[in-house]
Amino acid sequence: PSREPIEVYCRVKPLQSSDESCLEVILPNQIKISPPLTNLRNGGPTKAMLYTFKRVFPDSTSQKSVFNNVALPLIESVLNGKNALLFTYGVTGSGKTYTMTGSGQDGGILPRCLDTIFNSIADYQAKKHIFKPDLLNGFDIQSEEEALADKEQDLLAQIISTKGNRNKFDKKGSDPDLVGRIRDTTKLDNIDEDNCYAVFITYVEIYNNTVYDLLDDVFEDGNRARPLQAKIVREDASRNMYVNAANELEVYSTDEAFEIFYRAQKRKRVAQTQLNSESSRSHSIFTIRVVQAPLDADGEKVVTDKKSMIISQLSLVDLAGSERTNRTKNTGQRLKEAGNINNSLLTLRTCLELLRENQNGANKIIPYRESRLTLLFKNYFDGEGQVSMIVCVSQHMDDYDENLQVMKFAEMSQEVQILCPSAVKPINTCHTPGRRRAILAYKEAINNGGLNSNPLAIGSGDMLENGVASTSKSVVNGVPKGYGIFAELFTEIPDLRFIEPDDNEAIPGFCSYMDDNLKKFNQLAREYHAKRSDFRDILMQSERQAFLAAQEVQSWKSLYEKEKEKTSAIEAKAANADAQAAKMKRKLDECEVAVKKLRNQLSEKNTLLTQNKAEKDKVKELYSNKLSQAQDKLNKEMERKLRSQKTALEYEMRRKDEKFRAVKRLLSDEDIRNSDFENIPGNRARLPIDSRSIESLVSGIETPKSGSSAGSCAPLATPSGTVAPSTNCRSTARRMGIPVVNRRYRRSRSAGDVWLEHKPKTPVPLNTLMQPTMTKRKSVTKLTDIKDVTEKTSKYCLMTQGQDSDGDLETRLYK
């Protein structure tokens, strides 16, 4: 099925004063919106934007021009059995309601639509109550007797309900828009004259995402107003959405429909805001439903078969304007209303965006049910009707930001493709076309007293010429032309004005004359009725055959068109296939050339690879020789180093052996001296045993300082474990005036050498050669007691582990 975009129009509201305008109509279908100068300081958009529509209506455009360009094609579709939707969109105060309703002297789209519909079907309207709503979004067809009974019941109910309550139905004079209203005279000619039409209207509003019927009874008992009851949206048997239990009223004229609309308009929710004195607080939907059904074979009554009935509707939607709280300063109930309005408009925008994405290949679910507004429009967006939109914008510079959002929504809406509604098939009742006109002409001829316009009224003096009745004489026996076969009756009537009283022949002769003429009249009447019946049968049969032949010709024509389309499609496919084959042949030739080129390159690269391989083998052999030479050289160098290290180690061992022998001799000499020293009274008690004297002596022997001699001051160990200072040390001490201190009272060097090792809780083990040596240490992971630092230890070591710049483990010691 074919698709067509949503038709979006733009209408500019005139400026009320000499304020600066932010809009400019560039072309009949293009408009430019320019930002205010304040955007330069505020950091807003500073570039003028161009937007294209199906048509742009400047501020000087009349209501009639808007109607002819936007709504008139929709009315034509509705009268042909298709559905249509038209809604106005824009910010608050941009002229949406005025575009839809207008004023009494200059009506908007809604009254002009009603005028055009009734002007077009005025001669073909069915009697009231012939079509009756079945409360399930459908209609029943009643007979004329049932329709008359329903009409009487409605009239009686109206009299009873209005008794004692004069305020229930306002008079027309109370509506200022109806007094002196200028009617639109537009009339459409594409009306099937063999159908009967009826018009029904409904008027609902969506307030705070709840549906209300504005055509409910305004008053109950007395004059006390009754609040509106919420309605629900349902789906009928044809999967069309409708408002359940909404009043659907049949109207017979524009004044009647507009009077009902005006009465319901008083119940529509409006309020005053800072931007609009009469701001709509709800979305209003006025629906015009046109029901049509064919006439019977006599062209007088409606066929009661529901399958032959066609129902179409035109929905005129006046959307509430989008609002910004920082401008309207709404609070309380007005703020809640604005929130619901903006949410419903946002849902509408979301549905249109998802429709656009789905037509580009996506498969997303459209959230129609998130708002009552989009749920009612679901059938139109799914391809059950034509959709048009009028975007109303204000020129005022303060409305720039809102207009920008409206333009973006309109631009996005034009990209949405809606399925075209399927063409309505003509009602095939096997009845003669033009039967309404034929029966009207026949009745008119009867009323005029002659049958000259009827082909059945052919007198004896008439003759058929090319199928047309003609008369050679204008008068037949003194009777004017046109009286047909009855013109020969009652000619030469006997004159009874002058007869004698005793004349017994005139009266009986007159009676016999009248009896003869009456017999002739009855015979001619019977012949006339028989001829008329035969001629009617012949005419009906010929018309039926002509109709069937026309249908057959139409079917053959449609079949021919289909075959022609198929042939054209096959020819196009063949041409496309030839083009594809030529294209593929060119590609094949190009691929063969490319293959040859690639094969040449492959052979060249194989040759290069062979050469590179030979060169690599030569280089490999060269490096293998060099490597073997280097390996031999390294082996010789390692053997030389090993020999030198072995010689050095042997020398070191001999040197250490000599040192140990020297120490052994010294120890033996010291034992002898200590035995002599212990014989001196008091020396054993004064000199304590120094367990480290021998180690210090050995270390002194191993690492003698330069300038020291064998006779330097060094303690001597005795066999009993005491240490005796050498004679040289004592003599030197006395000579320099240094008092000799008892070693027993000297502080031990190892008394304070306790390390406090501060390290991580789980350190990584160190496998290095250089390891810290701490003989006496206390390890902690956290310093909690100050006494550990001040009293129990004398040295501190902090170990940290972390990652260096190369990513390796780095260990640091702080002593």
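These questions and answers concern a predicted model.

Visitor: At which residues does UniProt place the feature "binding site"?
Guide: The feature comes from an unreviewed UniProt entry. That record lists Gly-90, Val-91, Thr-92, Gly-93, Ser-94, Gly-95, Lys-96 and Thr-97.

Visitor: Is Lys-96 buried or exposed?
Guide: Lys-96 lies in helix H3, and its contacts include Asp-318, Leu-319 and Cys-392. Buried means under 20% relative accessible area. Lys-96 has a relative accessibility of 7%, so the residue counts as buried.

Visitor: How far does the backbone oxygen of Val-91 lie from a polar atom of the side chain of Lys-96?
Guide: Val-91 is among the residues that Lys-96 touches. The distance from the Val-91 backbone oxygen to a polar atom of the Lys-96 side chain is 3.0 Å.

Visitor: Which residues does Gly-95 touch, not counting residues up to four places away in sequence?
Guide: Gly-95 is in the loop between strand S7 (84-90) and helix H3 (96-101). With residues up to four places away in sequence left out, Gly-95 touches Lys-13 and Cys-392.

Visitor: Over the faces of which rings does Arg-269 lie?
Guide: One ring has its centre 4.3 Å from Arg-269, and that ring is Tyr-207. The other, at 4.6 Å, is Tyr-212.

Technical notes
Residues numbered from 1 in each chain as written. Predicted model: local features only at pLDDT ≥ 70, side-chain atom pairs only at ≥ 80, totals over all residues. Heavy atoms only, no water. UniProt positions renumbered as here; feature names shortened; annotations may be inferred. Helix = DSSP H or I, 4+ residues; strand = E, 2+ residues; numbered from the N terminus. Contact = heavy atoms within 4.5 Å. Buried < 20%, exposed > 50% of the residue type's maximum accessible area, 1.4 Å probe, protein only. Polar contact = N/O pair within 3.5 Å; in protein donor to acceptor, adjacent residues only side chain to side chain. Lys NZ or Arg CZ within 6 Å of the ring centre and 35° of its normal.
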